[in-house]
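Please keep the sequence and the model in view while reading.

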Amino acid sequence: MFMKKYWILLLALALCWSGFCRPAAAEPLSLYITAAGDTVEDLSRLSGVEASLLAAMNNVPAEESLPGGVLLRLPEQPLFRVELQAGDTFWSIAQDFHISLEQLLSLNDLTEQSIAYPGQSLLIPLGEEISAVSGSALTMEEETAWVAMALASRLGEVSFAWPLSGVITSPFGNRSRGWHSGLDIAADRGTPIGAVAAGQVIEAGWKNDAYGYAVMVRHDRRLVTLYAHCDQLLVEEGQWVTQGEALGLVGLTGNTTGPHVHLEVRLNGECVDPLEYLPQQL
């Protein structure tokens, strides 16, 4: 509980710094999420900034190991530490984060002969990944929002909210007409559809004859949601959205027999049951 309050406080400080509290002449600062055991000395070597200054900037002990999941400010591009899973390779990680293999290897003091293994910890240049996806440089506010979202995911604290209130007319899984990859929630035509969690819109437009007009939102490295059959879309590709922000309006586009939203949750590209992520009640 103490650690959770600790990183929330640091996040509030970072958000404050990124907006009204940042002096106009100050050099922009970036963010770093610690792994358990990181020290200020480690960050000093990483950023080239004196350890005493980093400790003072972030109000953390200069000589002690830090817990995992602490959000720190430092004058470098934002970095995020990821832990490799079974089947991950350096190439697949580079692809996931839209960076070059050479950049990933160089940042982590690796070579092409190095071997990836489950549990291995790698640093990722987070800002460049998102800039490549969005097609434009991030503002400090966007950068802070994405890192906060990634931090919540890393700590297992990404929480979903229902996209709207309505009747579940078709659950995830087998049904008489075949496999159903999402959850259908009926609602009046024109009802706003909210994002189940904060993220970045990665698709917004006509998907296909089955989905009709749809929106897809990326919430972290592995988690994406899809909202189909919209009558009208209210967001564009690349846009950042907060939890509950309206993405579109309930409609009848695509293959549908009545107004509803078809909600999919995709983990590592595979559709999973949305009820495993949504609150128990609408």
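Ser170 is buried, with a relative accessible area of 7%, where buried means under 20% relative accessible area, exposed means over 50% and partly exposed lies in between (1.4 Å probe, protein chains only). Ser170 belongs to strand S5, residues 167-170; helices (H or I, at least four residues) and strands (E, at least two) are DSSP runs, numbered from the N terminus. Its side chain makes a polar contact with the side chain of His180 at 3.3 Å, a polar contact being a pair of N or O atoms within 3.5 Å, of which, within protein, one must be able to donate a hydrogen and the other to accept it, while residues adjacent in sequence count only if both atoms are side-chain atoms.

Not counting residues up to four places away in sequence, Ser170 touches Arg175, His180, Gly182, Leu183 and Asp184, where contact means heavy atoms within 4.5 Å.

## Basis of the values

The model is predicted, and local features need pLDDT of at least 70, side-chain atom pairs count only at pLDDT 80 or more, and totals for chains, interfaces and linings use all residues. Residues are numbered from 1 along each chain as its sequence is written, and side-chain values use heavy atoms, with hydrogens and water left out.

## Strand S15 and its partners

Strand S15, residues 260-267, is mostly covered, since seven of its eight residues are buried. Strand S8 (residues 183-186) runs antiparallel to S15 and is joined to it by four bridges, two strands being paired if DSSP finds at least two bridges between them. Within this pairing, Leu183 stands opposite Leu263 in S15; Leu183 is also one of the residues that Ser170 touches.

Strand S12 (residues 223-233) is likewise antiparallel to S15, with six bridges between them, and here Leu226 stands opposite Glu264. Strand S16 (residues 270-272) is joined to S15 by three bridges, again antiparallel, with Arg266 opposite Cys271. S15 and S16 form a hairpin with two residues between them, and Asn268 in the turn has a positive phi of about 55°.

Strand S11, residues 212-218, is largely enclosed by the rest of the structure, because five of its seven residues are buried. S10 and S11 pair in the antiparallel sense over seven bridges, with Gln200 opposite Arg218 in S11, and the two strands form a hairpin with three residues between them. S11 also pairs with S12 in the antiparallel sense, over five bridges, and the bridge partner of Tyr213 in S12 is Cys230.

Trp206 lies in S10, which spans residues 199-208, and is partly exposed, with a relative accessible area of 45%. Leaving aside neighbours within four places in sequence, Trp206 is in contact with Gly212, Tyr213, Thr253 and Gly254. The C-alpha atoms of Trp206 and Cys230, which are 24 residues apart along the chain, are separated by 9.4 Å.

Asp109 is found in the loop between helix H5 (101-107) and strand S4 (121-125), and is exposed, with a relative accessible area of 74%.
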